[in-house]
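Please read this note with the sequence and the structure open beside it.

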Amino acid sequence: MKTVLDIQNLSISFRTYRGVLEAIHHVSIVVNKGETIGIVGESGCGKSVTAHAVMKLLPKETVIYSPDCKIMWEGTNIVPFTEQEMNALRGQDMSMVFQDPMTALNPVLTIGNQICEGLVLHRRISQQQAKYEAEELLRAVGITAPEKRLRQYPHELSGGMRQRSLIAMALACSPQLLFADEPTTALDVTTEAQVLYLLRSLQQKLGMAIVLISHNLGVIAQMCRRVYVMYAGCVVESGMVEDIFDKPAHPYTKGLLASLPDPEHKDKPLQGISGQAPDLFHLPDGCRFYPRCRQTMQICMRQAPPCYDVGNGHQAACWLLCPERGNDNDIT
Amino acid sequence: MNTHDFEPVDPKCIVPIRIPPQTLRSRGWRQMKQNKLALLGLGIVVIMTIIAIFGPLVTSYTYDDQDFAMANAYPSPLHWFGTDSLGRDLLVRVLYGARISLSIGLAASLINLFIGVIYGGIAGLVGGRVDRIMMHIVDILYSIPMLLYVILLMVVFKPGLLNIYIALGIAYWLNMARIVRGQILSLKKQDYVTAARSYGTSTWHILTRHMIPNCMGPIIVTLTLSIPEAIFTEAFLSFIGLGVSAPMASWGVLTSEGINSMRSFPFQLIFPAAALCITMLGFMFLGDGLRDALDPQNQKEGNR
């Protein structure tokens, strides 16, 4: 399968008033043509930063890409790309659907204006032609009376319609890769289902890859082929979606799955993961998860665990999986 | 109520309810209409503009016709506002003054709009060191008393209408630059700006298409409030003899002439001063009203 995007060892830091803060640490992610991968994790674990970093949308004044990182886009490293070179790529080859449809549309421009913008920019077609294509796009994302919506302003549309318009905008130039940054977080469940279904059918039609960022495990299980679990800026576990959900190897993933409410056992109290995600300025030595882990060992407090292969491309960064640990490898 | 009330309706006859679109403009206008003072201001500004444009065309005198036999005449049916010490009709001169004062207000604020928006926009958008240096320059200029600055400029440029436009224009853009920069800085963090970047939009395009239309409200308000400031500064300059030169008459020149004969012919002071005051009040009311109407903070309460 052809690899579209290959992120190698990506570390991103920000200059802040309190000093330099490393938001993501040695993240490696591979996206193949036409597949859907998921990135899950708690708020603030670096999911969105990863996506924004790939599209180079982070504020230039404060962001630092580590010198050894590579973002290979179809074989070319795009980390040293200039803003102009990125502008040619963004929208055309990779695109993004934003989390909040209420704020991601410009309130003073009509929907039509905003969709046509990308079309005119990348495809160099006339306004008239762009208008026609924008109408087709809106129809494709399931908006009724598209010719009327084109002339409307964002505040005249409902949340679901706005998210659909955002998807239409992102898809305007049929990109090869779509980042969906929590595309359904701001929507109610019925609209959520519609939007996810829409994403999937459009993916089949256009053959693009989707990177779905979410903290909703149900959505991830439904949509993705492979999953990356992130914690405090690191990928702690990755693998095929069935493996992650059926036999999670990292205690954090287990904790996430255990904290899902179970409608069949209402009397069972909800289980969370105790403690809080660490402050990135005061990271624990060793494994970043040990203060919250139930199976902490001596080594966890000293040294960060490497990635261990559990089979079938399923990897997890945890000392419990270390072969030298002995044979009580029972995963509970 | 009768049996007819409960008959089914043919679906084809049901007309969908049309909700008129609410743009910022229409919403702002609705707010304006409720503000009596702002409407009064708008009325004054419109009337003054009409008078300034057409007033001098309908009178039989011109602003420099002298009639020594009628010098210092009190208001009468012949000369509604009386005449000055050279026998020139005061009404015509006040009307001409309106032309000059309003055109100065308009031209000066357009120049400051142009410089201020571009300067502030670039500072805010580029950010970082460029922003710091550009804003420090503004801070330094701010620390010089504006009036002193304008007076010095006028001394260098020599008094004249065009030079007043330029002096006022290049002196008063500081406020506009600050306001636009502040707006741009806060807009930069908005999702739709990041979204626009994610579609590959260029920086210039983002500034002109996405950001400036979004700070139109504060820009218009600052513009409206800077017009009376420019008019007032021109009046002051003319008053101290650095404004437009005789025989042209701005309101400042007329007031300054009227002061000389304040005791014996008070009307020569009162009419131009009143015209100046009324216009200033009109612009102030309008500016305040616009601020209330276009302020997004004000709009949140039950106005969606």
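Predicted model: local features only at pLDDT ≥ 70, side-chain atom pairs only at ≥ 80, totals over all residues.

1. Overall build of chain A. Ten helices and 13 strands make up the secondary structure of chain A. The radius of gyration of this chain is 21 Å, close to the 20 Å given by the globule rule for 332 residues, so chain A is as compact as a globular protein of that length. Along the principal axes, its C-alpha atoms fill a box of roughly 70 × 50 × 40 Å.

2. Burial and contacts in chain A. Of the 332 residues in this chain, 43% count as buried. Among the contacts in chain A with a separation of 6 or more, 63% are made by residues 24 or more positions apart.

3. Domains of chain A. The domain assignment divides chain A into domain 1, residues 3-224, and domain 2, which is given as 231-262 + 269-325. The C-alpha centres of the two domains lie 28 Å apart. Between them, 17 residues of domain 1 of chain A are in contact with 13 residues of domain 2 of chain A.

4. The domain 1 side of that contact. Two elements of chain A, strand 2 (19-32) and helix 8 (217-223), each give two or more residues to the side of domain 1 that touches domain 2. Strand 2 of chain A gives the most, with eight residues. By class, this side of domain 1 of chain A has eight nonpolar, six polar and three charged residues.

5. The sheet of chain A. Eight strands of chain A form an open sheet with mixed pairing, in the order 7-8-9-3-10-11-13-12. Strand 7 (94-97) and strand 12 (307-311) of chain A are the edge strands, each pairing on one side only. On average, neighbouring strands of this sheet are turned by 20° against each other, direction ignored.

6. In general, strands of a sheet pair through backbone hydrogen bonds, either parallel or antiparallel. Strand 12 and strand 13 (residues 314-317) of chain A run antiparallel and are joined by four bridges. The bridge partner of Asp309(A) in strand 13 of chain A is Gln315(A). Helix 1 (residues 47-54) of chain A lies across strand 3, strand 7, strand 8, strand 9 and strand 10 of chain A, and runs at about 145° to strand 9 of chain A.

7. Contact between the chains. Here 19 residues of chain B are in contact with 25 residues of chain A. Helix 8 (residues 191-198) of chain B gives the most to the chain B side, with six residues. By class, the side of chain B that touches chain A has six nonpolar, eleven polar and two charged residues.

8. Helix 6 of chain B. Which residues of helix 6 (residues 161-171) of chain B are buried? They are Ile164(B), Ala167(B), Leu168(B), Gly169(B) and Ala171(B). These buried residues of helix 6 pack against helix 3 (90-126), helix 5 (146-157) and helix 10 (216-239) of chain B.

9. Pro213(B). This residue is found in the loop between helix 9 (203-211) and helix 10 of chain B. Why does Pro213(B) count as partly exposed? Pro213(B) has 14 other C-beta atoms within 10 Å, whereas a buried residue has 20 or more and an exposed one 12 or fewer. The C-alpha atoms of Pro213(B) and Gly287(B) are separated by 19 Å, and the two residues are 74 residues apart along the chain.

Key. Residues numbered from 1 in each chain as written. Chains lettered and ligands numbered in written order. Contact = placed C-beta atoms within 7 Å. Rg over C-alpha atoms; globule rule 2.2 N^0.38 Å. Nonpolar A, V, L, I, M, F, W, Y, C, P; charged D, E, K, R; others polar. Domains from an automatic or database assignment. Pairing = 2+ DSSP bridges. Axes fitted to C-alpha atoms, helices over the stretch in contact; angles between N-to-C directions.
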